[in-house]
Amino acid sequence: MSQETGINIASSIKDTIIAGLLALIVFGPVVGILLDGYGFETRFDDVAWIVAIVMAGRFAISVFVQTEAGKKFIYRQLIKEDGVTVTAPDYKSKMRYIIPIVIIIGLIAPFIASKYVLTVVILGLIYVLLGLGLNIVVGLAGLLDLGFVGFYAIGAYGLALGYEYLGLGFWSMLPLAAIMAGVAGAILGFPVLRMHGDYLAIVTLGFGEIIRLVLTNWTEFTHGPNGVSAPLPTLFGLEFKRRSRDGTPFHEFFGLSYDSAFKYIFIYLVLFLVVLAVLYVKHRLTRMPIGRAWEALREDEIACRSLGLNHVLVKLSAFTLGAATGGIAGVFFATYQGFVNPSSFTFFESALILAIVVLGGMGSTLGVVIAAFVLTVAPEMLREFADYRVLMFGILMVVMMIWKPRGLVRVTRKGFATRKGVVK
Amino acid sequence: MDIVLQQLVNGLTLGSVYGLIAIGYTMVYGIIGMINFAHGDVYMVSSYLTAIAIALFSFFGLESFPIIIFGTLIFTIIVTGAYGWVIERVAYRPLRNSSRLSVLISAIGMSLILQNYVQISQGARQQGIPTMLTGAIRFDIGDGFVQITYMKLFILFAAFLGMGVLTYIIQKTKLGRMCRATQQDRKMASILGINTDRVISSVFVIGAAMAALAGVLVTLDYGAFDFYVGFIIGIKAFTAAVLGGIGSLPGAMLGGVILGLSEALFAGLISSDYKDVFSFSLLVIILIFRPSGLLGKPEVEKV
Amino acid sequence: MSQENILEIENLVMHFGGIKALNDVTFDIKRGSVSALIGPNGAGKTTVFNCLTGFYKATGGGIMLNAGEKPTSVIKVLGEKFKGSDLVSPAAFLERVKYKMFGGSHLVNRAGLARTFQNIRLFKEMSVVENLLVAQHMIVNRSMLAGILNTESYKKTEEEALQRAFYWLEVVHLTEFANRLAGELSYGQQRRLEIARAMCTNPEIICLDEPAAGLNPSETEALASMIRVLRDEHNTTVLLIEHDMGMVMNISDYIVVLDHGEVIAKGGPEDIKSNPKVIAAYLGAEEGEDVSL
């Protein structure tokens, strides 16, 4: 075995030179020649850097795969050890100690945190909701939904337009938006879900874009690119504004001086409770017949049909539930911003949500929560890299799919205690 | 009446461009059974390459239209072809034995990478090229008229020439034979000594080259583009591929022309704001009522 | 149910494009029997199977499944093309629309027919027990609200489902592997798990597609006794495709022989063994192979 531990440097150098030439052809024109009107400027130093990085990377990979560690790595990739494990029947997760602590911290946090931190955390929680919704669709049911932002938009615009035209507030729109987004998901999904997966991906991609186009072009109804303002939530009718048109505002009722942080604290608390509820529901769903059916469908659709499962309706239930969760997230987004316009609902938003699911691990709830915070909070911290965000998401998706398609968090399945078999 | 005729002319040129891009989708789908999500962005890159080539030619003082066009085409097709190869090597080949979902996500990632990378290196603003070919043929019809610009004639000519060359390659050459064999049965083809990885790579390169041809033609005609153009046109071309029957080459061209014509008529007669909505609805309707398209074969499920 | 035949296949025709895979196939399966479908490679056995389990839509003919409360036409529940006569009969039209929208092979299973697959189709990344729980999807309490709130009645049906799962695990000798991933099991174990999974849907007839393929002689022997248990203790009719002639002749009550998409013989094992047409088909189809029927 250890006879051929030698590393063939010559072939590595050949690979490196080919990679360098390709990088020169591919990146040379687009990076090196910056269009400026009908003329151009040159930036050959950037090209040199990129080519150098590509060559160095290729050389490193080429050498690595020839080493023992590299061979082991490739072997592990080939046998596809995804690391799904079944827990022992009496296994108790450590999460039962962690969860109460997290809940308590979560409930205390808004009263100590600064307003800025609070707004960032609210945004993070909104993406947790979105990630959980998409995780049902992509992670559990294995359906690629690229237009998730469409349902998010339905929720957000539902609140803004519902308030403008029908006078509906936050609390009535919260369930209504979930239903609206769910119905939209069902109508879109029913015809497409009986076909195989790629079609769903492209149809949902188109759907997300269509929603944005309609929001932009139907100016009489949606005010087009100018956007619509959205109402704040109320506490039993008490408003969080400085002055209330009808009735006493929140701060006067409790004899406090006005502080704009109140509304964020309130939004945060409501959102936190909703996220907890959704987390619980999702936890239950994975242990329920419907959740098992989703995962079975992801594994083998034909076998599911042979067992009497209507594959279209089972997929549809996942798609609808995911869409409804997206709708709820949209309502929170609108009320948090106080304003919505079509530019918040581009394809990049869908890509971000997908990146959360991919990084967090398909089917893993904990992973999604962590990934949502990492991917939304990190860009806030590193603003100078804001331009590179989407690039990072793209690279993340490709690398994760090659390296760890099931995400970074290990997936475990519940074990069942052996019992006496009975058949009636 | 003249509006209808004018829109038919516009639709035909638009449709031939959709057809060219649809070829990339249909060939890749035929050979690996996956949608190449990054294909629209390959088209987008080729628009930039066109403008870069034209800027370079004018910098070196070349002004003759045929030389510029010819040079731009060759440059763009070669570089875009390299993109096609790299995309396959990076985002598809390492995932050859993975689940479909993984490959789809990796392809989406590639599409994001391309869009953002072009945005970072060339800026988010709209770019343009000078008008290269002016003039038109006019036909008077009753009170109105229909005009066909020389550029549109050139597009039609070039698109059908491109199709012709491709059909020749697929039907008559050794590469084409290997492509068809790999499409029928990849495992068997590789047992018979065909390097299927290389065939798949060449299909990506051919698809990218066709998208590059489309990119050059559209950019010459419209002049303006940005890093986002690949997105909508990608969905449209995919619709064309599905309409014609995914996996079928003549189907892609036919689907492109039908989509182009119907979209132009819709835009001219009903509403141009919602023409994208129209094409998309068409896609859903085709998928419901005839998922195998006009010229495709119905899929038989392997149990 | 009083009918004698659980499955009645009449003039079944199946074309793939221009290829005629099945050409007028007619046979009946008696309730409570173990029947086998045999024939040389390419005779159309798997096509017949896929037609009657609802995975292929037959081009013509009829398949009646006399199980459950009322007989089911397998071809109808898959969704048929609209006909001119639908214009005058709204009820027939609506029924067709219903099956077009919600029909499919799952309805065949719900009517009481379960199947296994030639190339095993388990849910590989789910545990063995979960595989059996998925199969009970139509039996358990599927109410979302009850499940989320974890009500008593929900817990009860889940417990019953688990008991049923463990019962079938005992039958196929897989109890100790209950909490393993299905993909980790050996080939023979996977075949047995697939049979247990199909039985968890409480079928009246089970169709086994080459259940002994890849099994060693002792495993085949165990399989044969398992099939007898299905018939004798659970009143399940068994229909199987099999190449292992020893096993077929040993356990079958009734044998249908297919060749080139046509039935060339049907009857008990003794009749089939001595049927000259069958011997000719086997010897003609695979030259040089020693056939001991």
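Modeller: Let us begin with accessibility: buried means under 20% relative accessible area, exposed means over 50%, and partly exposed lies in between (1.4 Å probe, protein chains only). G169(A), at 24% relative accessibility, therefore counts as partly exposed. This is a predicted model, in which local features need pLDDT of at least 70 and side-chain atom pairs count only at pLDDT 80 or more, whereas totals for chains, interfaces and linings use all residues. Residues are numbered from 1 along each chain as its sequence is written, chains are lettered from A and ligands numbered from 1 in the order in which they are written, and side-chain values use heavy atoms, with hydrogens and water left out.

Colleague: Where does G169(A) lie in chain A?

Modeller: Helices (H or I, at least four residues) and strands (E, at least two) are DSSP runs, numbered from the N terminus. G169(A) belongs to the loop between α6 and α7 (170-192) of chain A. Its C-alpha atom is 7.2 Å from that of P233(A), although 64 residues separate the two along the chain.

Colleague: How many helices and strands does chain A have, and what is its division into domains?

Modeller: Chain A comprises 17 helices and six strands. Domain bounds come from an automatic or database domain assignment; here domain 1 covers 2-79 and domain 2 covers 93-412 of chain A. The centres of these two domains, taken over C-alpha atoms, are 38 Å apart. Along the principal axes, the C-alpha atoms of chain A fill a box of roughly 85 × 80 × 45 Å. Of the 424 residues in chain A, 53% are buried.

Colleague: How should I read the packing of α5(A) and α11(A)?

Modeller: Axes are lines fitted to C-alpha atoms, for helices over the stretch in contact, and angles run from 0 to 180 degrees between N-to-C directions. Helix α5 (residues 115-140) and helix α11 (residues 261-286) of chain A pack at an angle of about 20°, their axes being 10 Å apart. Angles under 35 degrees count as roughly parallel, over 145 as roughly antiparallel, 65 to 115 as roughly perpendicular and the rest as oblique. The helices α5(A) and α11(A) are therefore roughly parallel to each other. The residues of their contact comprise 22 nonpolar, three polar and two charged. In this scheme Ala, Val, Leu, Ile, Met, Phe, Trp, Tyr, Cys and Pro are nonpolar, Asp, Glu, Lys and Arg are charged, and the others, Gly among them, are polar.

Colleague: At what angle do α6(A) and α14(A) cross?

Modeller: The axes of helix α6 (residues 148-166) of chain A and α14(A) cross at roughly 45° and come within 6 Å. That angle makes α6(A) oblique to α14(A). A334(A) lies in helix α14 (residues 311-337) of chain A, and its relative accessibility of 0% means that A334(A) counts as buried.

Colleague: How many disulfides does the structure hold?

Modeller: A disulfide is taken as a pair of cysteine sulfur atoms within 2.5 Å. The structure holds zero disulfides over all chains. C51(C) is in no disulfide, and the nearest cysteine sulfur, that of C207(C), is 12 Å away. C51(C) counts as buried, at 1% relative accessibility.
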